[in-house]
Amino acid sequence: MSDAAVLFDLGLVVCGAAALLVVARPLSLPPILAYLLAGLALGPAAGLLRVSGSLDLFSEMGVSLLLFLVGLELSLPRIREIGGTAVVVGVVQVTLTAALGAAVAAAFGLGAAASALLGLVAAFSSTVVVVKLLDRAEGLDRPYGRLAVGVLLVQDVLVAVVLTLLTGLGPGSGVPGRGGIASGLVGAFGGMALLVGTAVLAVRWVLPGVARWLAGSGEALFTASLTWCFGFILAAEVLHVSTELGAFVAGVALAQLPEGRGLRRRVHPLVDFFVAVFFVSLGAGLDLGGAASTWPAALALAAVVLVAKPALVCLLLLRTGHDGRTAFLSGLTLGQVSEFGFVLAALAVGAGLADATVLPLVGLVGLLTIGASALLVPAGERAYRAVADRFPRMLAGGAEGEPAPDRPSGHVVVVGMNDLGRRIVRALSGRGEPVVAVDTDPVKLSDLAVPAVVGDISVPGVLDEAGVPRARLVVSALRIEDVNGLLAYRCRELGVPVAIHAFEPEQAEELLELGVDHVLVSKHEVARELAAELRAVGAVG
Amino acid sequence: MEDVALLLAAAAAGHALAHRSRLPALPCLLVAGVGLSLVHPPSRTALEETLALGTALLVFIAGLELDIRRLGAQRRAAVRVGIFQFAAVGGCGLAAASLLGFAPAEAAYVALALAASSTLVCVRLLQRRQQLFEPFGRLVIGVLLLQDALVVLLVPFAPLLGGRWTDALAPAGAVAALGLASLAARRWLAPLFLRVADEEELLVLGALAVLFAFMGAGAALRLPLVVGAFLAGVALSRFPVEEVVRVELSPVGDFFTAVFFVALGAVIGVPAPAEALEAGVLALVVLLATPLLITVVAERSGFSARSAIEAGLMLAQASEISLVIGLSGLWAGRLSASGFTVLALVTGGTMLLTPFLSSDRMARGLTRLHPARWLRRSAGAPAGGHVVLVGCGSTGSRLADLLLTQGREALVVDEDPAVLAALSETGVGAVRGDVSDPAVLSRAGVDRAAAIVSTVHRPRRNEALLRRVGGRVPVLVRVFDEEEARWVEARGGRPVLTSEAAAAAFLAWYEGAGGAAAGRRGGAEGAPVTAS
């Protein structure tokens, strides 16, 4: 048998992660925590899993792909929308929290370098945790959600800078003398500038053309994008810049293309897989046995992350003119440690900047704060009301659960812009019905005067974007049976009426069995039309 | 990381090549892999791990497809055609491989590999030509599903060929046990799957956990990796689980299969002339035996001659599964590296030929060569005043029924012997032949007809007919898009647009019952199918 070892290890990781996810879900624990626990169970507890070369590679790919994904979310309009607020809040918050965290760590007798590291760990919040939690709490479209994500993106840029600095200071530059640091910094920033410059030039001259050429073939576009990402990772490695930063820049570049959105949806499941491997391996590598002795420091740092950091964000947002509810909820959302805290710690230990004892400490703080965050964010409104009662003047304002802006509802969704789909769209919108058109090909949607969603309706994200759950009717003109079947099933689950095109008459019965409200058998319709024409020319009575 | 980037870059190049040339992707990816091995060979471990993971995912996804529901009415025909084709082509492959000097066990792997046809290639072509749900498309899909199952489940027995039959008992028991477990899971656990895994992340990891659990069980039972992976797919192959899993897993699958084929190419390297020669012989077996056998059996099962021929041509290639079978043999130490190279060449080569072999032109040419057993010419040319139906598929036959009930004389022009045989029982007159043939038009008496209705798949084939009677006799032509409609109109025909008729029917429903159904959420029970 071929390489059974990698299959065995990966099998353990995947099965462990899935099992813990199933257990964690009713407890509403975030996936990341489930993965860490799975890793703890497989590694230190059971001793089954030893993180080997291939798992390390997969973990590395996981982190890089995650940053690629974060970059993919960073389109220019979004950067503008978040504006200066996020930059100011992000930078000030990171600086102050880092200082506070470092001070607390120093107070517990840790060395200068280790304290500085723990300060940094405390300062950054987790994009993945926050985005996942907001997604579930339907908070991504609300002002506090947008602000929190903005601050996170600023943090991500800062993380990238910190990672670059650490790489510049890394073992390659030898003893961290002043000259070594300086040349390391120059080299690292030079490399960073080169990567960014390449990306900017490519976005302007190369990428749009390539993307348009490959647009017809999803697989080609997908592999080409991943090649672009891994090319940047390799370049970063060569230039002694962090590979994570390379992936991030590659993602930002692709986010500027119209294809970026669809790409994000495709990369996402891949990231889910690799990131799971990353966190389970991380958990398996954690040595919490040593953490028992550090619990007072861990609790103090967790308090900084859970109380001081949110308070700081809240105050800064109030200062910049946001209402109390938005400020409070944004702060609350950001109260956890980032997964990059672990990366930072590992890098710093690898570079000899801190000794290995900080790793269990960071692990413990991460477990505590991410767990607390997962419980607090869904209960944000209740927490706000409880706190706002204490400080009514300071935290006033902001409507509860403001409706998300312009999400369609009560409309008809038409899927598949072939000749039939276009006719239906035109006829319905001509009657003043609100219509949303869906197709995988942006060209077919460009000349329709109705709101359009580009994407495959089988993908849940596209289904949501088209507002299917709130639609008054869904019509599919597609000739793709699998997609029609899945759409019929999902509409029935959502209780939304659905009409579906059966290109061949045999499909009609199956669709009716799936609970479709109306089956459109086009071959029968055309036969009827032909019969009518025969009557018109007098060939039949 | 460097190896991953290289494999991906080669995959992107392969896909771009396939996109540009409109050839199947797999051979292009193999070629990209061979190219990569010349420029900068990736490390041994990277290749082996990619191959192991790619194999697992590829076979798992093949197992997911095994939903009998997809076959529709063609279930029995597909089983009959599939089993016959598998046995016959497998037998021919075994004979050819033995003649070429392969050892018995090695020949068994080769035969299994040749008996499978490619789901990737066929489904892509059927989709592009919008033929997936024509009866012949269903037949092709059914045969493919059956082949995958037979081939994969027979892999454990391939190394035993030429040995004692008692050696087969242990693997047979293991396959049966794991198969039963898989079917039980499909029955009782799969419906629960979506209820537990209602999030993207859990779906991806849950499906992969099922895959690894079955592979683990398979390994414990000493079965090859492919058996566990395939049965894991079968365990989840139940609508709607299978659709949801396929959508969520497709990026992970695309990633690993793309690098899988590149890695395969890199392992093979540039083949030797002798290997190419052997591959040529085996490819001929596939290219000749498959179309012939499938055409004969499919026609016996009630398919039209044209459909049977198209199905045979479509299925005449080796499969991605063939490569996986080859790898299994390689890992088991029963197939030599050279034998594996030969298999890869056969697979890539036959796949490249499929788009040409299965073209409309080729199928039409072969239909003409078909020995007509059902030829029943109408006695003399019709007197006139009749209605000519050109093409008698699901739309044409509805019109034939209408004319029959009205007592009007109808005459069908169709190339397909099986269609004509079915008609001969109803009493509708028929002329066998192509609508572009002037002699056929004369025999059908088009000049004296009251009206002509053409429902041929490609409206432009009516050119000779329209030139002859356009403007004089009403010629109704079914078309699928507006460009075709303009083309027909310019030649004096009366186009009837499928989409227009269907849209009008939809709007009529929408104004009546549909609007009401759309108004109250929950939908209408037992809403009528639109049918005449």
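This is a predicted model: local features need pLDDT of at least 70, side-chain atom pairs count only at pLDDT 80 or more; totals for chains, interfaces and linings use all residues.
B:Glu2 sits in helix α1 (residues 2-21) of chain B; helices (H or I, at least four residues) and strands (E, at least two) are DSSP runs, numbered from the N terminus. The residue is partly exposed, at 40% relative accessible area. Here buried means under 20%, exposed over 50%, and partly exposed in between (1.4 Å probe, protein chains only).

Numbering runs from 1 along each chain as its sequence is written, chains are lettered from A and ligands numbered from 1 in the order in which they are written. Local features need pLDDT of at least 70, side-chain atom pairs count only at pLDDT 80 or more, and totals for chains, interfaces and linings use all residues, while side-chain values use heavy atoms, without hydrogens or water.

Patch residues have over 30% relative accessible area and no salt bridge; like charges are joined within 9 Å, nonpolar side chains (Val, Leu, Ile, Met, Phe, Trp, Tyr) within 5 Å.

**Nonpolar patch**

Next, select A:Val22, B:Trp188, B:Leu189, B:Leu192 and B:Val196. They make a nonpolar surface patch of about 480 Å²; the areas come from the Shrake-Rupley method with a 1.4 Å probe, and for residues only the protein chains shown count as cover. Helix α8 (residues 169-196) of chain B gives the largest share, four residues. B:Leu189 belongs to that helix and is exposed, at 55%.

**Salt bridges**

The whole structure holds 28 salt bridges over all chains. Each puts a side-chain nitrogen of Lys or Arg within 4 Å of a carboxyl oxygen of Asp or Glu.

Go to A:Arg431 and B:Glu511. Their closest N and O atoms are 2.3 Å apart. A:Arg431 lies in the loop between α18 (419-430) and β2 (435-439) of chain A and B:Glu511 in helix α22 (residues 498-519) of chain B, so this pair joins two chains. A:Arg431 is partly exposed, at 42%; B:Glu511 is exposed, at 55%.

Now take A:Glu481 and B:Arg138, a salt bridge at 3.1 Å between the closest N and O atoms. This pair also crosses between chains, from helix α21 (residues 481-494) of chain A to helix α7 (residues 135-154) of chain B.

Finish with B:Asp167 and B:Arg164, bridged at 3.6 Å, N to O. B:Asp167 is partly exposed, at 33%. B:Arg164 is exposed, at 60%.
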